[in-house]
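This briefing is intended to be read alongside the sequence and the three-dimensional structure.

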Amino acid sequence: MLDKKKEEDRPLHIIRCAYLLFFNFWAREDDFLNVVQQAWNLPVTGTPMFVAATKLKRVKKALVEWIRQKPKLNLQVESIRADLHYIQQNLMLDPANEQLAASEHELREKLDHLLNLLLGKSPDASG
């Protein structure tokens, strides 16, 4: 009976598990592999499980820092939409303006590219 009470008085050990939400398009970024390799290749000593866990934690930390440095895609999309709206308003006033038409085309391509990234489609996907 005394042993049972001692167990109840002990604090519980809570294991936290934090996940990294990974988007596939990150792997297509030019510097992605370099960030992962630099974090992974740092030396670690210990049991194989400790080494693997430590390396994974380092990669996660490096990716989180890397992601924070990237502009947010949703903010980029909203900015491009606003620019596109402005250009389209001006095109309505001056439909023969080739520079505005070229800018509209460029912004549409950028917007399509970002939306494909957000939706997880490959850059080669059509439609």
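A residue is called buried under 20% relative accessible area, exposed over 50%, and partly exposed in between (1.4 Å probe, protein chains only). The structure is a predicted model, in which local features need pLDDT of at least 70 and side-chain atom pairs count only at pLDDT 80 or more, while totals for chains, interfaces and linings use all residues. Residues are numbered from 1 along each chain as its sequence is written, and side-chain values use heavy atoms, with hydrogens and water left out.

**Overall architecture**

- The chain contains five helices and zero strands, where helices (H or I, at least four residues) and strands (E, at least two) are DSSP runs numbered from the N terminus.
- Read along the sequence, the pattern is α-α-α-α-α.
- Of the 127 residues in the chain, 22% are buried.
- The accessible surface of the chain comes to about 10700 Å², and carbon and sulfur atoms account for 57% of this area; accessible areas come from the Shrake-Rupley method with a 1.4 Å probe, and for residues only the protein chains shown count as cover.
- Among contacts (heavy atoms within 4.5 Å) with a separation of 6 or more, 55% join residues 24 or more positions apart.

**Nonpolar core**

- A nonpolar core is a set of buried Ala, Val, Leu, Ile, Met, Phe, Trp, Tyr and Cys residues joined through side-chain atoms within 4.5 Å.
- The largest such core has 22 residues, and those with the most contacts inside it are Trp-26, Phe-32, Leu-63, Trp-66 and Leu-114.
- Helix 2 (32-40), helix 3 (48-69), helix 4 and helix 5 each supply at least two residues of this core.
- Helix 4 provides the largest share of the core, six residues.
- Apart from its neighbours within four places in sequence, Leu-114 is in contact with Leu-73, Gln-76, Val-77 and Ile-80.

**Helix 2**

- Phe-32, Val-35, Val-36 and Ala-39 are the buried residues named for helix 2.
- These residues lie on the same side of helix 2 because they cover an arc of only 95 degrees around the axis, the arc being that of the directions from the helix axis to the C-beta atoms.
- The buried residues of helix 2 pack against helix 3.
- On the face turned away from the buried side, helix 2 carries the exposed residues Leu-33 and Gln-38.

**Salt bridges**

- A salt bridge is a side-chain nitrogen of Lys or Arg within 4 Å of a carboxyl oxygen of Asp or Glu, and by this rule the count comes to three.
- An α-helix has 3.6 residues a turn, so residues three or four places apart point the same way.
- In helix 4 (residues 73-93), Arg-81 and Glu-78 are three residues apart, about one turn of the helix. Their closest N and O atoms are 3.5 Å apart. Arg-81 is partly exposed at 41% relative accessibility, and Glu-78 is partly exposed at 47%.
- In helix 5 (residues 98-119), Arg-108 and Glu-104 are four residues apart, about one turn of the helix. Their side chains meet in a salt bridge at 3.4 Å, N to O. Arg-108 is partly exposed at 43%, whereas Glu-104 counts as buried at 17%.
- Lys-110 and Glu-106 also both lie in helix 5, four residues apart, and their closest N and O atoms are 3.5 Å apart. Lys-110 is partly exposed, with a relative accessible area of 41%, and Glu-106 is partly exposed at 43%.
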